[in-house]
Amino acid sequence: MTTVSGPHPGPPSLADRAGRMVAAVAPRRFDWPMLAAVAALSAISCVLVWSATYDPADPDGALGFVRRQALHLAVGAVALLVTAAVDFRVSRAYAPVVYLAAVLGLALVLTPLGETINGSRSWLVVAGLQMQPGEIAKLGLVLAAAMLLGEPRDGEFAPTTRDVLFSLAVLAAPLGLILAQPDLGTAMVLTATYLGMLALSGAPARWVAGLVGSGVLAAFSVWWFGLLEEYQLQRFTTFVDPGSDPRGAGYNANQSMIAVGSGGLNGTGLLEGEHTRGRFVPEQHTDFIFTVAGEELGFVGGIAVIGLLAFVLWRILRTAGRSGEPYARLVCVGAAAWLGFQGLINIGMTLGVAPITGIPLPFVSYGGTAAVANLALLGLVLNVHAREHGVH
């Protein structure tokens, strides 16, 4: 008996490949609960930015801030849809490109193109547009570290010593450039993100313990040899004793705690906070935006913000736990470590339980580069979630 076989199907067409790559964007595969929480945080962001910048003598000024924040979030939403639509394995191929672009941006910050804001040369100004390469560096680090630690070689089931050393080199380049700005806040986020990924990559525990010990030793050496800038040293001094200089270095910490504490259970109401209206808390629409929630929305509003952020982190870790691919799992772990550490430090510094650093509150603080980077990374998490729920 003979069988007649048809022509060989041949390689898939470009249209077929494109269709498979965008299959993960099917709306039914999205993690809608997580997206709803992020949308709620974004809406809260616009309200708090409006309240923080409102001036009765110039109400249009606050609306301008809100429009710009809405634009930031819209661009970030586009970035989220793009990274959610393209197979997350494509991000692995472009990880070196994103990483190198971030390092280049950090290097350019130290040239005349860079601009110093609040004592840190962290901004790149091109054609009148400002961007913060440090935020892109966080994304680049997550992708590059996941690529190196999530693909064991030579039949191994966990990262080898070579993988860990290569990933350390990937961390060292942006970390060194950021410390040269200096921007200790972003440096802390990069380090915490990397340690979280390393700890859950399956690498031997001695690497994590050794790096933590080295970090403590390095921090002590920086303090011992007087390598900190004066304002950075004052921030840590006032963290230990906030009342030591209430009108100087401790001013921000004291005013933020007073603002949050004055909100009580239900808050004073929008536009009714005395500290917010009096501009007693500096940078209130960016790094100290949680003080607006604490004062004007009270304990209930503050807990709502914290609860929404915690819910997003839980959904990310849930996706990580269900992923069967090491690279995808580590991208999710990196996202959770990045956003979780930033949220913890940002809220902690407004409550006096963490030193003052220039770290924005994810999805809430005013800012363009941070919003785009955060939402682009969430798009990758959505992509992983989609594949784990039936898209192949």
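Cysteine 46 is buried, because its relative accessible area is 17% and buried means under 20%, with exposed over 50% and partly exposed in between, using a 1.4 Å probe and protein chains only. Cysteine 332 is buried as well, with a relative accessible area of 0%. As for disulfides, the structure holds 0; a disulfide here is a pair of cysteine sulfur atoms within 2.5 Å.

A word on what we are looking at. This is a predicted model, in which local features need pLDDT of at least 70 and side-chain atom pairs count only at pLDDT 80 or more, while totals for chains, interfaces and linings use all residues. Residues are numbered from 1 along each chain as its sequence is written, and side-chain values use heavy atoms, with hydrogens and water left out.

Now the salt bridges. How many does a search of the whole structure find? There are 3, where a salt bridge is a side-chain nitrogen of Lys or Arg within 4 Å of a carboxyl oxygen of Asp or Glu.

Take arginine 315 and aspartate 31: their side chains meet at 2.8 Å, N to O. Arginine 315 sits in helix H12 (residues 289-322) and aspartate 31 in the loop between helix H1 (14-21) and helix H2 (32-53), so this pair ties together parts 284 residues apart in sequence. Arginine 315 counts as buried at 10% relative accessibility, and aspartate 31 does at 1%.

Next, glutamate 135 and lysine 138, whose closest N and O atoms are 3.0 Å apart. Both residues are in helix H5 (residues 133-149), and because they are 3 residues apart, about one helical turn separates them. Glutamate 135 and lysine 138 are both buried.

Then there is arginine 277 with glutamate 296, at 3.4 Å, N to O. This pair links distant parts of the chain, with arginine 277 in helix H11 (residues 274-277) and glutamate 296 in helix H12, 19 residues apart. Is arginine 277 buried or partly exposed? Partly exposed, because its relative accessible area is 22%. Glutamate 296 is buried, at 1%.

Last, helix H14, residues 369-388. Its 20 residues should span 28 Å at 1.5 Å a residue, the expected span being 1.5 Å times one less than the number of residues. The end C-alpha atoms of H14 are 29 Å apart, which agrees. Of its 20 residues, 18 are buried, so H14 is largely enclosed by the rest of the structure.

How values were computed:
Helices (H or I, at least four residues) and strands (E, at least two) are DSSP runs, numbered from the N terminus.
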